[in-house]
Amino acid sequence: MSSSSHRLRSRRAFTLVELLVVIAIIGILVALLLPAVQAAREAARRMSCGNNLKQLGLACLNYEDTYHTLPWNNDLGNARAPGNPQSRWNQLSWIVAVLPFIEQQPLQDAVYKSGNPGGYNRRMNLNTIQPISLRETVIPGILCPSNTQDAIRLRQRSGYRHGGQVNAAGTDYSGNLGHIWGGWKDCGAVPEFNQEAPPNFTRMFRKGQNPGTPWVNGENLSEQTRINGTFKYHGSVRLAEILDGTSNTMLVFEDMHWRGGNRTDRPHDKGETDDCAWMSGFGAINSMRNPINNKDPRFLQGAGDRRCHGWSSNHPGSAQTVMCDGSVHAVAETIDNVVRYSIGVRNDGQPHSVP
């Protein structure tokens, strides 16, 4: 065998150094590509989440077209006596009301007849819904794909003065109560931002100020008129009451119902609170008073305090909303507080476009 043929055969394999170089190059390419893949996946999740909001917005508008009012929350039925609604009013969310408009008519029928096979049951709440499988029914269209929580949320509460904690399917979207300071939504740690208010409305962020940020007792019917958003604790809002314009007023927004926490030595707790069941009239509504993605320990009151969560999402630096005209927008968490206030309130006389 000639020496030249021997040299040709000896060069057919990679050396160890060449193999390591190839592996290193592949590793670098994967490292460069991975963020782009993750970003593409999140963009797809964000688009899906926005489409969910779009469908909920259309469902609310179709409901309004049918019943001439936006969806009822905690439907009163025929029982309109004042006082504690614990034993005499339905405690079911506006999401239950719009089920037929998101292709869930059989589910609504089953919920309304729960515990009363002969007809409509006027004393329903999350605790009384039977069978259990009903309250654990997961509706993909009301869950954001970017949320890391389980679809079934643990130890959920029905509402004012209802005892018991039950497991129930959750929602990642809340109807807009407006900029209020009310029952179950009264996080005291959030600052009043008075220095940012315009000269003609210097008290707009002050807790309990009406007009501004009114206090609302959620179980008192006479105080429902103080609500300045598009949903109420009990009752509904008509489109004619949206004086700042449907394109300038929020309808439904992303709400991850984070447990939060204000300990600086612990990470922000993204587990669920006990008020995020889609059937619950308290889990499906929230105030616009808290800043977007409220993670500042100074603005929180300890992990699990349901009063301090609000407009939030896992989309980087932003959260989405559907307006009363059906348009969907992603809004940066750095939004000016006055603008956030204005798009959350239907009648402050200071209409702002969504930034």
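Two residues are in contact here when heavy atoms of theirs lie within 4.5 Å. Keep that in mind as we walk through this predicted model, beginning with a single residue and then widening the view.

Let's start at Glu136, which sits in the loop between helix H5 (132–135) and strand S1 (152–156). Setting aside the neighbours within four places in sequence, Glu136 is in contact with Ile152, Asn167, Ala168 and Ala169. How far apart in space are Glu136 and Ala277? Their C-alpha atoms are 9.0 Å apart, although 141 residues separate the two in sequence.

Now turn to strand S3, residues 173–176, which pairs with strand S6 (residues 250–254) in the antiparallel sense, over three bridges. S3 also pairs with strand S9 (residues 285–286), this time in the parallel sense and over two bridges.

Finally, step back to the whole protein. Its secondary structure comes to six helices and 11 strands. Of the contacts with a separation of 6 or more, 69% are between residues 24 or more positions apart. Buried residues make up 50% of the 355 residues. The protein exposes about 15,900 Å², and carbon and sulfur atoms supply 54% of that area.

Terms used: Residues numbered from 1 in each chain as written. Predicted model: local features only at pLDDT ≥ 70, side-chain atom pairs only at ≥ 80, totals over all residues. Heavy atoms only, no water. Pairing = 2+ DSSP bridges. Helix = DSSP H or I, 4+ residues; strand = E, 2+ residues; numbered from the N terminus. Buried < 20%, exposed > 50% of the residue type's maximum accessible area, 1.4 Å probe, protein only. Areas by Shrake-Rupley, 256 points an atom, 1.4 Å probe, with all protein chains shown as cover.
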